[in-house]
Amino acid sequence: MFTILKKWQHPHSRLIVVIFLLLILGVFFRFYHLDQKMYWHDEVLTSVRVGGHQRQEYMQTIFNGQLVSAADLQVYQSPRPESRTQDLIEILASENAHHPPLYYVLMRYWVLFWGHSLTTTRSLSALFSLLALPALYWLCLELFSSAWVGGIAVALMAISPLHLLYAQEARQYSLWVLLILLSSASLLRASRVQATGAWVTYAVTLALGCYTFLFNGFVAVGHLIYMVLSRPVSSLKSYGWATGLATLLFLPWILVLVSTYQQVKQVTRWTQAPMLAEDRALRWGWNLSHLFFDVGLWPDDPIMALSLVVILSFVIYALVFLCRQAPRRAWLFVMGLMGVVPLVLVPLDVVMGGQRSISARYFMPTYLGIEIAVAYVLAHNLFSSRWSLLWKGVTALLFTVGLASCLTISQVESWWTKVVDPDNAYVAGIINQVEHPLVISTDSDTNPASIISLSYLVEPRVKFQLVQDPNVPDIPDGFTRIFLFHPSETLQQSLTSTYNGEIKAVPKSSLLELTAAQLPSGNR
């Protein structure tokens, strides 16, 4: 008994217990309230694509001026009975080629087997996020041969608010994180054992990453930099044919991208929208801080501003420490993994203008490298440094703010990652207070998917009347209030002239309301 108690009191044993508890909490938070989060614009599009629905199909069916219910809108969230996997791939190739098909194909089979409820749809991303934890541990073992670095890195990821947010969205980014880690660890193992099977594994995982998200090409560039700068020439031959195999596997989608270049350029034009340099820089730091701390504070909050400075300073210290103390091949790999994305996107935005670099999801390789560097610093100093007590305090603080962030996120419907119509829950609350409400909108901008997002939040009695510009809806009798959801200027002008009415803003919301004397009698 004395021996067991003595082992329990050993700091290593206590850290193991802490890591184990954090892993349990990370699993819990990933699956907690999956159906309570707002199913936002991009997730709606995931379900539309997975269901095998073409944009033209649902635009013609629901944006035709007829009254539709929330249930009518959500028909386009479930798979068409006659749809095939080939239909899904063809729709992505023709309408959204910048979204490669792997995640959507996996999601299709997932919902066909388990159903298409919100919990089921999002649980696939949560599962990928869980699988990323052992993949990160493997990568740390390959880099440092240290279980402590791996354990601390896994604990940090388990309770990272940024990873939690993407683990609870029906989007491809948690799968991309998993494949970044698997391809990276596979590369290190292949270059170590020099076995054909290991190189094939690397080629396959690298290609799968590209079939998940196009920015995996930046990961491949980081791998190339590492191999050229750190590995002997004898390794480069095997690496070359493995990379060639990965390129060959991805070649079919490369051809799709080439043939649809203009369409992809049009769909992604939002990334070129102008943004003030100071706002862009503030967003970089804000995104970075969410890797460790995110309780809903905006950048202008004094506590948030302080945390930005502290976290940025600590990250810089961790990277310098890594480069000075870790083996050369280890820090070269980490810096190559994390450095390519910012070195491409940041100068591109600074020189050409735009906001490509403010999307946190694009920087997953960078954030993974930062987590590994922080884990290395903590593991290196917790037990061997004369400042071990200080480092224990730093570790405890990181774990505490991570848990506080996860707890905060678990209680809310919408968060900053839901960038399109994040106030839909509030808007739905206003609409739901009305006995017989009508919501009118057009097909402009992001409305088609945002309307379906809103349909998940309103009561069944709410009716929608949707038109394509420049058509004017023929408003029927029987509605007590008529709301306008992001109406185009054309629609507003048409409604006021047709019904001799007035359009007013609904206080504290993005809704507008049509009030008119010449509406049918039941609408006054």
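Visitor: Why are α11 and α19 called oblique to each other?

Guide: Start with the angle. Helix α11 (residues 173–193) and α19 pack at about 60°, and their axes are 10 Å apart. Angles under 35 degrees count as roughly parallel, over 145 as roughly antiparallel, 65 to 115 as roughly perpendicular and the rest as oblique. The value falls in the rest, so α11 and α19 are oblique to each other. The axes are lines fitted to C-alpha atoms, for helices over the stretch in contact, and angles run from 0 to 180 degrees between N-to-C directions. Helices (H or I, at least four residues) and strands (E, at least two) are DSSP runs, numbered from the N terminus.

Visitor: What kind of model and numbering is this?

Guide: This is a predicted model, with residues numbered from 1 along each chain as its sequence is written. Local features need pLDDT of at least 70, side-chain atom pairs count only at pLDDT 80 or more, totals for chains, interfaces and linings use all residues, and side-chain values use heavy atoms, with hydrogens and water left out.

Visitor: In what kind of crossing does α11 pass α19?

Guide: The crossing is right-handed. Trp176, Val177, Ile180 and Leu181 of α11 make the contact with Met364, Pro365 and Leu368 of α19. Contact means heavy atoms within 4.5 Å.

Visitor: What makes the pair of Tyr317 and Phe321 tilted?

Guide: Rings of Phe, Tyr and Trp (its six-membered ring) pair if their centres lie within 6.5 Å; planes under 30 degrees apart count as stacked, over 60 as edge-to-face and the rest as tilted. The whole structure holds 27 aromatic pairs. For Tyr317 and Phe321, the centres are 6.0 Å apart and the planes stand at 35°, so the pair is tilted. Both residues sit in helix α17 (residues 302–325), four residues apart, about one turn of the helix.

Visitor: Is Phe321 buried or exposed?

Guide: Buried means under 20% relative accessible area, exposed over 50%, partly exposed in between (1.4 Å probe, protein chains only). Phe321 has 11%, so Phe321 is buried. Tyr317 has 39%, so Tyr317 is partly exposed.

Visitor: How do you know that the rings of Phe321 and Tyr376 are tilted?

Guide: Their centres are 6.1 Å apart and their planes are at 55°, so this pair is tilted. The pair links distant parts of the chain: Phe321 is in α17 and Tyr376 in α19 (residues 364–382), 55 residues apart. Tyr376 has a relative accessibility of 8%, so Tyr376 counts as buried.

Visitor: Why is Tyr362 called buried?

Guide: Its relative accessible area is 10%, so Tyr362 is buried. Tyr362 lies in the loop between α18 (328–352) and α19. Beyond neighbours within four places in sequence, Tyr362 is in contact with residues including Trp176, Phe213, Phe215 and Trp270. Ring pairs also link Tyr362 into a cluster with Tyr166, Tyr173, Trp176, Phe213, Phe215 and Phe218.

Visitor: How do you know that the buried residues of α4 line one face of the helix?

Guide: In α4 (residues 55–62), Tyr58, Met59 and Ile62 are buried. Seen down the axis, they fall within an arc of 105°, so they line one face. The arc is that of the directions from the helix axis to the C-beta atoms. These residues pack against α3 (41–50), α5 (70–73), α22 (447–455) and β3 (463–467).

Visitor: What makes α22 mostly covered?

Guide: Nine of its nine residues are buried. Among them are Asn447, Ile451 and Leu454. The buried residues of α22 pack against α3, α4, α5, α21, β2 (437–442) and β3.

Visitor: What is the phi of Asp421?

Guide: Phi is near 50°, a positive value in a residue other than glycine. Most residues other than glycine have a negative phi, and most peptide bonds are trans. Asp421 is in the loop between α20 (388–410) and α21 (424–432). At 11% relative accessible area, Asp421 is buried.

Visitor: Why does Lys508 count as exposed?

Guide: Its relative accessibility is 77%, so Lys508 counts as exposed. Lys508 also has a positive phi, near 60°. Lys508 is in the loop between β5 (501–505) and β6 (512–516).

Visitor: Is the peptide bond from Asp469 to Pro470 cis or trans?

Guide: The bond is cis, with omega near 5°. Pro470 lies in the loop between β3 and β4 (481–484).

Note on methods:
Left-handed = near helix turned anticlockwise from the far one by under 90°.
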